[in-house]
Amino acid sequence: MRAVQVQEYGGPEVLRTVETEVPEPGPGQVSVDVAYTGVNFADLKARGEGYRVPSLPFVPGLEVSGRVRALGEGVSGVEVGQEVAALTNGGAYADVVVADATTVFPLPSGVDLRTAATLPTVLPTAYALVHAVGRLQPGETVLVQGAAGGVGTAVGQLAKAAGASGVFGVVSGAAKAKYALDHGYDDVFVAPSTNSTASTNSTNSTASTVSAGFVDEVRAATGGRGVDLALDPVGGETFRASLASLVVFGRLVSFGNASSAEPWRVGQPELYPTGLSVSGFSILTLAQTAPDALRALTEQAFAAVAEGVVSLPVTAEFPLEEASEAHRLMGGRTSTGKLLLRVA
């Protein structure tokens, strides 16, 4: 079968299509004939920095849609040939992938395979940020970094459906601002991109991230009050600025570190004066530590899609062999919505 492999860390050019053996599911696992694979920023960090890579060579990819190929011992709830979406530990840039049965989900009625490939990471993450972790209440306001990305697109719609009185986004360009305004946002602030360089696993990686110059705009848009909930996948100075954008008793959820900055630390000096709280979320970690909670969360998120509450547009699609082009597009920080690889 075909697989896109990383044999050394670096830019998009290190992604190489190779022929390799078809993986077989072990106990509690399912193998899937892949139809589509979702492209995520975590894939770029894996390729460039070794993020969550156990060893080389490595096949990236965290989510797929397709049909069940084979069942490992002890698996029930899905059948061979059934259409599913799956969250994986890697290996999704391939014709066949193996996933734990707990993270393989039958498709909701009316959801096709192309749409399904957008769901396993983005939708449960967005749903958790709004409901399970962020606990957004009707009448509250929310600020979302990366409002035009996959998670941001879904969060904007879910927050409006949850009764938010103001949904504010931060993006890096005017085209992204227009896109976000079309997907649930009441106001979008354009903060210019800045380059941050971080060295991980002896590989230099330069990432373009949104600057933190949005706090004054957020305060102005909320009458000086600030927002009740801020959602940050960037880290670094953007994390600090998101914290500074909160109202008294406000909440911040960190769900990534796209800037590759030093891990954030907050304590009494930052939190005590206005009663702020900070929490974190990682769907990949939740899959390992609390798979039952992840499954319940994912089923709720998928139901929101089936009911038409939220949709995630596919804005670009590439053949499997052109995975490097998908990485170049996402790495250039000009993409919106969801990027897919067409496998079968």
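# Briefing: cores, a pocket and backbone features

V34 is situated in strand β3, which covers residues 29–39. The structure is a predicted model.

**V34 and its surroundings**

- V34 counts as buried because its relative accessibility is 2%, and buried means under 20%.
- Beyond its neighbours within four places in sequence, V34 is in contact with V64, S65, G66, A92, A94, D95, V96, V97, V343 and A344.
- From V34 to V218 the separation is 184 residues in sequence, and the two C-alpha atoms are 42 Å apart in space.

**Nonpolar cores**

- In soluble globular proteins, nonpolar side chains tend to be buried together.
- The largest nonpolar core holds 58 residues, of which L123, V155, L231 and F281 touch the most other members.
- Helix α3, residues 122–132, supplies the largest share of this core, with seven residues.
- Another core lies apart from it and has 34 residues, including M1, A3, V34 and V59.
- Once residues up to four places away in sequence are set aside, V155 touches A126, L129, V130, V144, Y185 and L231.

**Helix α3**

- Helix α3 is mostly covered, with nine of its 11 residues buried.
- Those buried residues are V122, L123, P124, T125, A126, Y127, A128, L129 and V130.
- An α-helix has 3.6 residues a turn, so residues three or four places apart point the same way.

**The second largest pocket**

- Rolling a probe the size of a water molecule over the atoms shows where empty space is left.
- The second largest pocket contains about 370 Å³ of space.
- This pocket is lined by 26 residues, and those closest to its centre are N89, G90, G91, V97 and V98.
- Two or more lining residues come from each of β1 (2–6), β6 (96–100) and α9 (283–289).
- Strand β6 gives the most to the lining, namely five residues.
- By type, the lining consists of 15 nonpolar residues, 10 polar residues and one charged residue.

**R2 in strand β1**

- R2 belongs to strand β1.
- At 2.9 Å, the side chain of R2 reaches the backbone oxygen of V343.
- Not counting residues up to four places away in sequence, R2 touches T17, V18, E19, A94, D95, L320, E321 and V343.

**Backbone features**

- Most residues other than glycine have a negative phi, and most peptide bonds are trans.
- The peptide bond from L56 to P57 is cis, and its omega is near -5°.
- P57 is placed in the loop between α1 (41–49) and β4 (63–71).
- F249 is not a glycine, and it has a positive phi, near 70°.
- F249 lies in strand β14, residues 246–254.
- F249 counts as exposed because its relative accessibility is 64%, and exposed means over 50%.
- S260, also a residue other than glycine, has a positive phi near 60°.
- The position of S260 is in the loop between β14 and α8 (268–271).
- S260 has a relative accessible area of 16% and is therefore buried.

Conventions: Residues numbered from 1 in each chain as written. Predicted model: local features only at pLDDT ≥ 70, side-chain atom pairs only at ≥ 80, totals over all residues. Heavy atoms only, no water. 1 Å grid on protein atoms, 1.4 Å probe; cavity = no way out; pocket = protein on both sides within 12 Å on 5 of 7 lines; lining within 4 Å. Points joined across faces, edges and corners; volume = space filled by probe spheres on them. Helix = DSSP H or I, 4+ residues; strand = E, 2+ residues; numbered from the N terminus. Nonpolar A, V, L, I, M, F, W, Y, C, P; charged D, E, K, R; others polar. Polar contact = N/O pair within 3.5 Å; in protein donor to acceptor, adjacent residues only side chain to side chain. Contact = heavy atoms within 4.5 Å. Core = buried A, V, L, I, M, F, W, Y, C linked by side-chain atoms within 4.5 Å. Buried < 20%, exposed > 50% of the residue type's maximum accessible area, 1.4 Å probe, protein only.
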